[in-house]
Amino acid sequence: MIHTSRAEWLEIMNTIINVRSYQELSVPELALEDVLYAFSLGPSLANIQPWELLMVKGSDEREKLIASTLDPFLTPGSLGAQAWIKSAPVIVVVMIEKRRALVRLGERGEIFAIQDTFCAIQNARLAAAVHGLSTSVIREFDPHILQKNLELPWYIEPVAILTIGYSEEEKEIPPRLTVAEIIS
Ligand SMILES: Cc1cc2nc3c(=O)[nH]c(=O)nc-3n(C[C@H](O)[C@H](O)[C@H](O)COP(=O)(O)O)c2cc1C
């Protein structure tokens, strides 16, 4: 059953771009619930569901998170490069639970766990877009430093940061390859 018109859902998907500045408006609880629920519906190899989420709330925790971020070249000395993240009303650290990830396939399980988790992230971003919320997925950080700063155990590995909020400006959609260009 289709609940949204074709034009609407294509447009919603088209709005999923990385937004790096947010209005000082909080995210409605119901919308956040939907976003997190959509995340939890993500696909995973053998239904392992290798993910965990950490909602970063206090300013101290936010600072610790920012301190692990890097520039787009992942330059080790660029720690703290993504201070813009602080403007987001909701910041989520997306992590894999390595014991769950490794149990079936050993080390190879980690690759699948990361792939699965990014699919779940896209579910969450889609739900956010349906609510008119913008998001950003961030991977330019040092996971070991973030793990240490947030005092996470060895088996909880951060793989992404997700920001959610109302965009401050209407951002242009970056150019995409056409379908013809990606089919060989
Ligand atoms: C896995 C992944 C990691 C990313 N990490 C960062 C990041 O750390 N900081 C950032 O500003 N943007 C990050 N981005 C955003 C990309 O730069 C962005 O998606 C790309 O330029 C295309 O733009 P759009 O998403 O706005 O369409 C990341 C995107 C992906 C998919």
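The structure is a predicted model, in which local features need pLDDT of at least 70 and side-chain atom pairs count only at pLDDT 80 or more, while totals for chains, interfaces and linings use all residues. Residues are numbered from 1 along each chain as its sequence is written.

UniProt, in an unreviewed entry, places the feature "domain: Nitroreductase" at residues 19-166; such positions are given in the numbering used here, feature names are shortened, and annotations may be inferred rather than shown by experiment. Helices (H or I, at least four residues) and strands (E, at least two) are DSSP runs, numbered from the N terminus.

Four strands form an open sheet in the order β1-β2-β4-β3, and the pairing is antiparallel; two strands count as paired if DSSP finds at least two bridges between them. β1 (51-56) and β3 (134-138) sit at the edges with a single partner strand each, so one side of each is left without a neighbour in the sheet. From one strand to the next, the twist averages 25°, with axes fitted as lines to C-alpha atoms and angles running from 0 to 180 degrees between N-to-C directions.

Now to β2 (residues 90-97). Six bridges tie β2 to β1 in the antiparallel sense, with Leu-54 partnered by Val-93 and Leu-53 standing opposite Val-94. β2 also pairs antiparallel with β4 (residues 156-165), over eight bridges, and here Val-92 has Leu-162 as its bridge partner. Seven of the eight residues of β2 are buried, so the strand is largely enclosed by the rest of the structure. Buried means that 20 or more other C-beta atoms, placed from the backbone, lie within 10 Å of the residue's own.

Helix α5 (residues 108-130) runs for 23 residues and reaches 34 Å from its first C-alpha to its last, close to the 33 Å expected at 1.5 Å a residue; the expected span is 1.5 Å times one less than the number of residues. Buried residues in α5 include Ala-113, Asp-116, Thr-117, Ala-120, Ile-121, Ala-124 and Arg-125. Just after α5, Gly-132 adopts a positive phi of about 75°.

Around the ligand are Ile-17, Asn-18, Arg-20, Gln-82, Val-137, Ile-138, Arg-139, Glu-140 and Pro-174, taking residues whose C-beta atom, placed from the backbone, lies within 6 Å of the molecule. This shell splits into four nonpolar, two polar and three charged residues. Ala, Val, Leu, Ile, Met, Phe, Trp, Tyr, Cys and Pro count as nonpolar, Asp, Glu, Lys and Arg as charged, and the others, Gly among them, as polar.

Technical notes: Buried ≥ 20, exposed ≤ 12 C-beta atoms within 10 Å, placed from the backbone.
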